[in-house]
Amino acid sequence: MADTGSFDAHKEASFGDYVQLLKPRVMSLVVFTALVGLLVAPVHLNPVEAFAAVLFIALGAGASGALNMWWDADIDVIMRRTKGRPVPSGKVEAGEALGLGVALSGISVVMLALATNILAGALLAFTIFFYAVVYSMWLKRSTPQNIVIGGAAGAFPPMIGWVAATGSVSIEAALMFMLIFMWTPPHFWALALFMNEDYSKAGVPMLTVTHGKRVTRNHILIYTIALVPFALATAFTSIGGPVYLGVSLLLNAEFLRGAYRIWRRDDAKAEADGYKVEKQVFRFSLLYLFLHFGVLLIEAALRSYGMGGW
């Protein structure tokens with residue numbers, strides 16, 4: 001982490017600046033997938049417990065975001081995509097981000113354990129530690145496999161939601177985890193293809209920086225192919241069904257088509273057209289994940305009326 005003296009002079013922070021420290025866009029995905037994990041579980045919490053579980057998982061995600069912004073402030077100030085964040089822009093001091101992250105970590109973990117069960121609290125604690133320490137402090141700056149291994153942090157929320165409801169881990173929770181875990185590399189590598197200059201300037205060893213864009217294109221196709229079995233396997237568990245299978249087949253066919261289009265692209269042509277295909281695939285990958293978890297909710301609703309499942 002660089003000396004915070006290199007950032008802009010400290011400015012008056014607003015409430016919105018502190019909210020931005022929590023990475024609300026990332027938090028929204030965490031909340032959604034955790035909520036799905038909780039709602040599709042065979043054990044149902046009462047509404048107050050369910051609300052508390054999602055709230056504390058969200059706070060845990062926010063804690064991770066604040067700790068990440070504290071640690072990464074030195075490279076965030078270099079990259080166009082991140083230089084406007086509260087710490088590098090000088091709106092919030094690094095120490096404030098650290099303090100907020102630590103405080104929310106403790107509150108979220110303890111309260112989730114009290115509201116649901118100890119295993120859920122322990123999983124949330126591990127997720128925060130994994131994102132803030134293993135990924136942000138170690139993997140992100142040391143290996144091009146940063147996204148591959150670090151993707152686990154973003155894959156835990158639906159498992160935490162499931163465990164909050166059931167008190168145990170199952171094949172369904174593991175497959176929801178694997179869906180996000182295997183989705184993360186092609187999703188972020190598509191972004192890295194058109195944001196490579198930022199990562200290069202900041203010294204972040206993304207695969208595009210260390211091995212080049214051709215290798216990255218190969219990896220996007222390979223990981224997308226590897227993702228498909230995990231996505232489809234969920235259809236044949238207690239949380240899946242024919243509706244999920246049909247939607248998943250369509251989504252995976254489109255994601256594979258996009259990965260193939262990226263793979264066969266020439267770097268010079270991609271740069272000339274402003275990485276149009278890569279940006280399209282990146283945006284679709286977000287829809288891909290949202291719809292997979294959304295259709296799990298549909299299957300759960302159908303089952304509640306005696307119409308879901310096989």
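Hi everyone, thanks for coming. One thing to keep in mind from the start: what we are looking at is a predicted model.

Please find helix 7, residues 146–166, and helix 8, residues 171–194. Their axes sit 7 Å apart, and the packing angle is about 145°. The crossing of helix 7 past helix 8 is right-handed. If you want to colour the contact, the helix 7 side includes Ile-147, Gly-151, Ala-155, Pro-158 and Trp-162. Over on helix 8, the residues they meet include Ala-173, Phe-177, Ile-180, Thr-184 and Phe-188. What classes of residue make up this contact of helix 7 with helix 8? By class we get 18 nonpolar, 3 polar and 1 charged.

Now turn the view to the other pairing, helix 8 with helix 12, which covers residues 242–263. Here the angle is about 35° and the axes are 12 Å apart. This crossing is left-handed. Helix 8 brings Leu-179, Trp-183, Pro-186, Ala-190 and Leu-193 to the contact, while helix 12 supplies Tyr-244, Phe-255 and Ile-262. This contact of helix 8 with helix 12 has 8 nonpolar residues, with no polar and no charged ones.

Let's stay with helix 8 and pick out two of its residues. Thr-184 belongs to this helix. Is Thr-184 buried or exposed? Its relative accessible area is 7%, under the 20% cut-off, so Thr-184 counts as buried.

Leu-179 is buried, at 2% relative accessibility. With sequence neighbours up to four places away set aside, Leu-179 touches Leu-227, Ala-231, Tyr-244, Tyr-288, Leu-289, His-292 and Phe-293. For anyone who likes a distance to check, Leu-179 and Pro-229 are 50 residues apart along the chain, with their C-alpha atoms separated by 9.2 Å.

The largest nonpolar core holds 95 residues, and Tyr-288 and Phe-293 touch the most other members. Which element gives the largest share of this core? It is helix 8, with 15 residues. A second, separate core has 10 residues, among them Leu-21, Ala-73, Val-87 and Val-92. As for Phe-293, its contacts outside four places in sequence are Phe-32, Thr-33, Val-36, Pro-158, Met-176, Leu-179 and Ile-180.

Next, some backbone angles for those of you who look at phi. Lys-23 is in the loop between helix 1 (15–21) and helix 2 (24–39). Its phi is near 50°, a positive value in a residue other than glycine. Lys-23 is buried, with a relative accessible area of 13%. Tyr-275 also has a positive phi, near 55°. You'll find Tyr-275 in the loop between helix 13 (267–272) and helix 14 (276–304), and Tyr-275 is buried at 10% relative accessible area.

Two last stops. Asp-76 is in helix 4, residues 73–76. How accessible is Asp-76? Its relative accessibility is 0%, and Asp-76 counts as buried. Leaving out neighbours within four places, Asp-76 is in contact with Met-69, Thr-82, Lys-83, Arg-85 and Pro-88.

Finally, Gly-240 is in the loop between helix 11 (213–233) and helix 12. Gly-240 is likewise buried, at 0% relative accessibility. Apart from residues up to four places away, Gly-240 touches Thr-234, Ala-235, Glu-299, Arg-303, Gly-309 and Trp-310.

To wrap up, helix 8 packs against helix 7 and against helix 12, and gives the largest share of the 95-residue core.

Terms used
Residues are numbered from 1 along each chain as its sequence is written. This is a predicted model: local features need pLDDT of at least 70, side-chain atom pairs count only at pLDDT 80 or more; totals for chains, interfaces and linings use all residues. Side-chain values use heavy atoms; hydrogens and water are left out. Axes are lines fitted to C-alpha atoms, for helices over the stretch in contact, and angles run from 0 to 180 degrees between N-to-C directions. Helices (H or I, at least four residues) and strands (E, at least two) are DSSP runs, numbered from the N terminus. A crossing is left-handed if the near helix is turned anticlockwise from the far one by less than a right angle, and right-handed if clockwise. Contact means heavy atoms within 4.5 Å. Ala, Val, Leu, Ile, Met, Phe, Trp, Tyr, Cys and Pro count as nonpolar, Asp, Glu, Lys and Arg as charged, and the others, Gly among them, as polar. A nonpolar core is a set of buried Ala, Val, Leu, Ile, Met, Phe, Trp, Tyr and Cys residues joined through side-chain atoms within 4.5 Å. Buried means under 20% relative accessible area, exposed over 50%, partly exposed in between (1.4 Å probe, protein chains only).
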